[in-house]
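Hi everyone, thanks for coming.

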Amino acid sequence: MNFDFTQQELMLFKEINDIMFGLARERTLEEKDPISAESLLREALDRLAKTSYLKLGIAQSKDIPGLCAMMGAMEIVSSCSPSLYLSIEMSTRLFGRIISTYGNEKQKAKWLSPVLYGKKLGAVALLEKTMNIDNDPMATIGIRENALIKISGVKNYVINGPVADFIAVAGTMENKPALFIVEKGIKGLIQGKRLETIGLDGVVISGLTLENCQINEDQIIGQFEDKSILTTLRIWENQIILGSCLGMMKSSFESARTYAKTHKTGGKPIIAYQEVGFKLAEMLTLFQTSQLFAYRAVCAPEGKNRDFEVLTYCAKVFCTEAAEKVSGWALQILSGEGYISGNPAERSYRCAKYNQIAGTSTEISRVKIGDAAIGA
Amino acid sequence: MDFDFTKEQLMFKQEVVRFAKKEIVPRVQEHDLKGEFDFESFRKLGEFGILGLHFPEELGGGGADVITTVLAGEALGEAGVDGGLTLAYGAHTFLCADTIFRHGTEAQKQKYIPKLASGEWIGCMGLTEPNAGSDVASMTTSAEKKGDKYVLNGNKMFITNGPIADVAVVYAKTQPELQHAGISSFIVNKGTKGFSAGPPLIKMGVRTSHTSELIFQDCEIPAENLLGKEGDGFLMAMQTVEWDRSALLAPFVGSATYLLKKCTQYAKGRVQFGRPIAQFQAIKHKLADIRIFGEAARSLVYRIAWCKDQGRPLNHLEAAIAKLYVGDWSMAPTFDAVLIHGGYGYCHEYDVERIFRDSRLAPIGGGTSDIQKMIISKLI
Ligand SMILES: Cc1cc2nc3c(=O)[nH]c(=O)nc-3n(C[C@H](O)[C@H](O)[C@H](O)COP(=O)(O)OP(=O)(O)OC[C@H]3O[C@@H](n4cnc5c(N)ncnc54)[C@H](O)[C@@H]3O)c2cc1C
Ligand SMILES: Cc1cc2nc3c(=O)[nH]c(=O)nc-3n(C[C@H](O)[C@H](O)[C@H](O)COP(=O)(O)OP(=O)(O)OC[C@H]3O[C@@H](n4cnc5c(N)ncnc54)[C@H](O)[C@@H]3O)c2cc1C
């Protein structure tokens, strides 16, 4: 047992912190305009690629910190901007991890290296119109025609969809799950219009339609023998969401704490009032509990009994609900100041719901945890 | 970071679970119903080595590290040992014996630790008073030095093991004008003239632990029964917090595992609307929440234990966070557990009803949740 980060890990955190705060000094990190959002994203990737951040959890070497440190590092990026964080993560920790885990050497050279060096952007299209992958089969399908494969299907929400250089599209081929890598500009790929959302202002999201997009055999990852690949992708997405929650709690808590110590009413800082000070105490309790929970879940051994999956669902439910509470309380403490757009608490509060919906939703997570308990 | 236990630690935990299930759990419900302390179980805890697990072997202990000691507490909860017995063990080993071990002279250690570690003697700790609970420093029990004796006067309240203890570690003021800094700690033996315990209080939960008032009326004790130096008492009481926030919280973590198992068994067997209730999502939701609590609490508790094993001074912020989380959140799983059992859950036959009552102490004992919030809000 060990509850400390190593010196090497702490150094990495400092580097990431410096990069993110440097970027925040230069430009707004929650860019609403899609063109600015894309340029910000590429700039951030370029800078972060100078550290081992993009490689965490993907490339393995003794110079690259492990998964707990990955979670610690994710927290820092997410605390600076939930939108930028999610866009980066869908490219690296989801798209990149898919290629690194399931791709062959040629595929890695083509798609993984540019993503890990921050030169290219990835996206993953999983969810389909009115279908949740946990309940329903996927309708996106790849049909072999001579040496080519034609992909057709509709994907509902794809983060980085409109700007990604490579998209991993989940579907089935010959009744087996597979991932099709489509590249930007491919014929038959129709971008939906950018979706307006309650939070995550700077994330570029759209639906995607694939109409007989033609790809080669070496653009297929899989075909997989069973649906467990989809579970794995969800677990990785859930890990990304855990990092997002920690960052939101960090920024909300810190802004509320600073305000409570400096803002005075009745001649004293508002932290001196138990209604405020005790809320901060509860916020920090949820935040620290979430941190330890997320660290433990992410570095739990992937044993045969798949208990680590259940632990991830547990952490996801806890951290996503905690993030909403903590950002809500922060907003309450910041009051008028917090209600004004651009405040970290206001921003986190609007983003928090996404984390409960996306990945394995809170409801489905609880059902899965319950199923595991009863051995279903 | 690394959240894994060693193989030896896990094997020991399983041994404790097996021991407790066989030797202790079968008598729990009966003693709870009668509100009686289970002397036999306590003696067995001593025989097995749990009461003195972390003390050095020369003093009759097991020489275990803190994590292993905390794991034993979790194991007792996981086996289904009631909150009364784990509280009695906690007050005895950590609040009483450990204070003597840490601050006592060699002679005091030799005299008390072996007998406390074996369970031959039962210990208690008296800090709280009828009018000084959260505000400990306002205690009024006094200890006046007269020659080679101290004379104690005052009352202590809610003292776990009070009516059955052979040895009490008692906090009293030697210099009342100094508030915290005027508090000292003493060892008082059963049978000392002027020292008595009130009858056991009738409580909603933790009913197998006996709780009472301690009364000191011109109670003379030898000056050598002072622990450490005069004025060190408050710091000593604060140091017990390390155990309070790890070993005393661990049974709640174990209890969540126990509840999950019990509820799962029940839900799989109970059929309504033609199918086991375990198949309803509403039941799975509750099972999930029970598991989530246990998993969330675990790392908070072991973080305190690990830091203590590293010889680090207690991080008061982390300690208060652990206590606040376990205190406030450990009740919901017991509420859910009763609900899963329906009407049977409300009856004593199924022990979830007892666990529900026992858990209510978590946000009160050892410093209420409000006090934890006060500490946290001051430290941030
Ligand atoms: C902003 C945004 C960005 C996204 N980005 C991506 C992306 O980049 N790539 C991608 O693939 N997907 C993405 N998604 C999709 C996201 O993963 C899904 O929204 C999520 O999985 C939930 O699916 P759904 O919206 O279809 O809800 P549904 O599955 O229809 O669920 C509706 C409600 O019913 C509950 N429910 C459903 N089934 C059950 C059940 N069996 N038992 C109990 N309750 C149930 C759900 O929990 C939820 O509360 C994104 C979504 C959003 C909002
Ligand atoms: C079963 C049991 C066993 C116990 N065992 C022991 C033992 O072995 N040894 C021992 O010394 N003590 C023991 N105690 C005492 C326990 O530690 C105290 O009950 C506890 O610290 C609270 O003190 P109190 O009961 O006097 O409540 P009070 O301090 O009177 O508190 C009453 C309420 O006011 C709140 N409150 C108090 N001050 C503040 C504040 N500043 N701000 C906001 N809210 C506040 C509290 O949170 C609580 O809700 C035991 C108690 C019980 C019930």
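**A walk from chain A to chain B**

Let's start in chain A, where Gln223(A) sits in the loop between β8 (220–222) and α6. Please keep in mind that this is a predicted model. The peptide bond that joins Gly222(A) to Gln223(A) is cis, with omega at about 0°.

Asn160(A) is a residue other than glycine, yet its phi is positive, near 70°. You'll find Asn160(A) in the loop that lies between β3 (148–159) and β4 (166–173) of chain A.

Now for the interface. How many residues of each chain are in contact with the other? On the chain A side there are 40, and they touch 39 residues of chain B. As a general point, the accessible area lost when the parts come together is often used to give the size of an interface. Here, the area buried between chain A and chain B is about 3900 Å², and carbon and sulfur atoms give 70% of that. Within chain A, the residues losing the most area to chain B are Met1(A), Phe3(A) and Ile374(A), which together make up 21% of what that side buries.

What about charges and polar groups? Between chain A and chain B the count is 6 salt bridges. One of them pairs Arg366(A) with Asp289(B), and their closest N and O atoms are 2.7 Å apart.

Which helices of chain A each supply at least two residues of the side that touches chain B? They are α6 (228–262), α7 (274–298), α8 (307–339) and α10 (362–374). The one giving the most is α7(A), with 15 residues. By class, that side of chain A has 24 nonpolar, 7 polar and 9 charged residues.

Let me finish inside chain B, with a pair of helices. Helix α11 (residues 316–329) and helix α12 (residues 331–340) of chain B pack at an angle of about 20°, and their axes are 5 Å apart. Angles under 35 degrees count as roughly parallel, so α11(B) and α12(B) are roughly parallel to each other. Where they meet, α11(B) brings Gly327(B), Asp328(B) and Trp329(B), while α12(B) brings Met331(B), Ala332(B) and Pro333(B). Sorted by class, this contact has 4 nonpolar, 1 polar and 1 charged residues.

That's my tour, and I'm happy to take questions!

Terms used
Residues numbered from 1 in each chain as written. Chains lettered and ligands numbered in written order. Predicted model: local features only at pLDDT ≥ 70, side-chain atom pairs only at ≥ 80, totals over all residues. Heavy atoms only, no water. Axes fitted to C-alpha atoms, helices over the stretch in contact; angles between N-to-C directions. Helix = DSSP H or I, 4+ residues; strand = E, 2+ residues; numbered from the N terminus. Parallel < 35°, antiparallel > 145°, perpendicular 65-115°, else oblique. Contact = heavy atoms within 4.5 Å. Nonpolar A, V, L, I, M, F, W, Y, C, P; charged D, E, K, R; others polar. Buried area = accessible area lost by both parts, 1.4 Å probe. Salt bridge = Lys/Arg side-chain N within 4 Å of Asp/Glu carboxyl O.
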